[in-house]
Amino acid sequence: TKLITCLSLHILTCPHSFPQAYNIHVNGVLHCRVRYSQLLGLHEQIKKEYGSNVVPAFPPKKIFTLTPAEVEQRREHLEKYMQAVRQDPLLGASEMFNSFLRKAQQETQQIPTEEVALDICLSNGQKVTVNILTSDQTEDVLDVSAGVCLFVRKLQEFELPYVSITSLRSSEFHILLRKSYWDMAYDGDVMDNRVGLNLLYAQTVSDIERGWILVNKDQDRQLKSLQEKGSKKEFIHLGQTLKYYGYIKFDPCITDFPEKGCQVIVSAGNNELNFHVKLPNEQMKEGSFKVTRMRCWRVTSSVSGFVSNGTTNSCSSSKCEVKLELAFEYLMSKDRLQWVTITSHQAIMMSICLQSMVDELMVKKSGGSIKKMLRKRHNGSIHRSDSQQAVKSPPLLDSPDPNREQIVKLSTKLSSVSLRGISASNSANDISGNDFHGNYAFEGIGDDDL
């Protein structure tokens, strides 16, 4: 089992390569191929720019030829290094780090810089074809396409969208344009722009048609009437009053709550993860986990094809099988913290949704805006407020399983939260401090607050 950050980033040795090269996989798909010397050069640049005390340790050079065991040890250290840099709010958002990976991606896929046509799908199934350069990064493509199924993952700043979609060599995958904020209060600003209005309208129509937003017969008649009149703003305003407006619905997956092996459909929205759980007795239950009561979370993966005993198997190719799990520690009641695990190939996307909800909550608490939030992300300056406010939210469901992890008293669990991890946590599932996404929006709840 390998720990991952907000994206599945793994380094595998590249066979038949001298000097040794490494394949960097993102979500199980080959992103780029780099050599030790290139990674060392990146490390030296980052260290010069940000200082030795900020940059994680880098595996040292070796004078003699590495043994198979040393090759594997170096690979593990490089993987941990790249994940640590990516997880750091300052280093991971730096142009130096992201441009290195974009350049390596383009060189590995051997796609020259030239003008191309790229299809981008809208929520309503329509396609928009934009003319871009193959070297345009995610933000550039977003600006060209609008100024914005199945959600596999969010395109990152270290990616070149054209290269990423081309390298998959499959017509099954498309780039989809969808809003990436959660608070519907921001919809007003989006609707002030004609393009933004059309995109938000298309997304709302699509979410209703696919059943993501719940609509009764009377509401359905009203919506169809507004569609016939072409009243897009009124349509969206009515949509905002409906249950699950703005949620992202994920594929059916497995959870261990309230019992192990339960089938569940997870949706993200309104600062929560919503569960529709099918219990072993076929009974259906629904409930929500508020992001403000998640003390921390982590994503782990089991990847087939990793280097073992100096040999490499099929995972050295462009794809490898990845089993992903999202686990979060939740404040069930005033003195109970409990781990909840979701096994889903979309676990990384769920984690990104949680992180963006937290970012929004923190910016909102400080009186900021989306633009301010984006600036803070790039500057690595999103910090938790010192204020503690009560969050009055009922727990999801009782867990009747007596074999579940023993609950530790809250007083022993509420240790200091840092962006890079949780320290001094006593959970039986804990691995190490830096394995976690610390939640700045987590609110301690006292006995009198529930």
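Against which helices do the buried residues of H7 pack? They pack against helix H6 (187–191), helix H8 (217–229) and H9. Here buried means under 20% relative accessible area, exposed means over 50%, and partly exposed covers the range in between, with a 1.4 Å probe and protein chains only. Packing and contact mean heavy atoms within 4.5 Å.

This is a predicted model, where local features need pLDDT of at least 70 and side-chain atom pairs count only at pLDDT 80 or more, while totals for chains, interfaces and linings use all residues. Residues are numbered from 1 along each chain as its sequence is written, and side-chain values use heavy atoms, with hydrogens and water left out. Helices (H or I, at least four residues) and strands (E, at least two) are DSSP runs, numbered from the N terminus.

Start with H7 itself. The helix has 16 residues and reaches 23 Å from its first C-alpha to its last. Of the 16 residues of H7, 12 are buried, so the helix is largely enclosed by the rest of the structure. Those buried residues are Gly-196, Leu-197, Leu-199, Leu-200, Tyr-201, Ala-202, Gln-203, Thr-204, Val-205, Ser-206, Asp-207 and Ile-208.

Now take H7 with H9. Two packed helices are described by the angle between their axes and the distance between the axes. The axes of H7 (residues 194–209) and H9 (residues 232–240) come within 10 Å and cross at roughly 50°. Axes are lines fitted to C-alpha atoms, for helices over the stretch in contact, and angles run from 0 to 180 degrees between N-to-C directions. H7 and H9 are therefore oblique to each other. The classes are roughly parallel under 35 degrees, roughly antiparallel over 145, roughly perpendicular from 65 to 115, and oblique for the rest. The crossing of H7 and H9 is left-handed. A crossing is left-handed if the near helix is turned anticlockwise from the far one by less than a right angle, and right-handed if clockwise.

Which residues meet? H7 brings Leu-197, Asn-198, Leu-200, Tyr-201, Thr-204, Val-205 and Ile-208, and H9 brings Lys-232, Lys-233, Phe-235 and Ile-236. By class, this contact has seven nonpolar, two polar and two charged residues. Ala, Val, Leu, Ile, Met, Phe, Trp, Tyr, Cys and Pro count as nonpolar, Asp, Glu, Lys and Arg as charged, and the others, Gly among them, as polar.

The axes of H1 (residues 36–50) and H2 (residues 68–87) come within 12 Å and cross at roughly 35°. This crossing is left-handed too. Tyr-36, Leu-39, His-43 and Ile-46 of H1 touch Arg-74, Leu-78, Tyr-81, Met-82 and Val-85 of H2. The contact of H1 with H2 divides into seven nonpolar residues, one polar and one charged.

H1 also packs with H3, at an angle of about 160° and with the axes 10 Å apart. That makes H1 roughly antiparallel to H3. H1 passes H3 in a right-handed crossing. Gln-38, Leu-39, Leu-42, Gln-45, Ile-46 and Glu-49 in H1 meet Met-96, Phe-97, Phe-100 and Glu-107 in H3. Six nonpolar, two polar and two charged residues make up the contact of H1 with H3.

H3 has 15 residues and reaches 21 Å from first C-alpha to last, close to the expected 21 Å. Its buried residues include Phe-97, Phe-100, Leu-101 and Ala-104. The buried residues of H3 pack against strand E3 (21–26), strand E4 (29–35), H1, H2 and helix H5 (161–167).

Gln-110 follows H3 and sits in the loop between H3 (95–109) and strand E5 (115–121). Its phi is near 55°, a positive value in a residue other than glycine. Gln-110 counts as exposed, at 69% relative accessibility. Tyr-244 has a positive phi as well, about 75°. Tyr-244 lies in the loop between H9 and strand E8 (248–249), but counts as buried, at 11% relative accessibility.

The last stop is the loop between strand E9 (253–255) and strand E10 (262–269), where Pro-258 lies. A cis peptide bond joins Phe-257 and Pro-258, with omega about 5°. Lys-260 is found in the loop between E9 and E10 and is exposed, with a relative accessible area of 58%. The C-alpha atoms of Lys-260 and Pro-280 are separated by 9.2 Å, at 20 residues apart along the chain.

How values were computed. Expected span 1.5 Å × (residues − 1).
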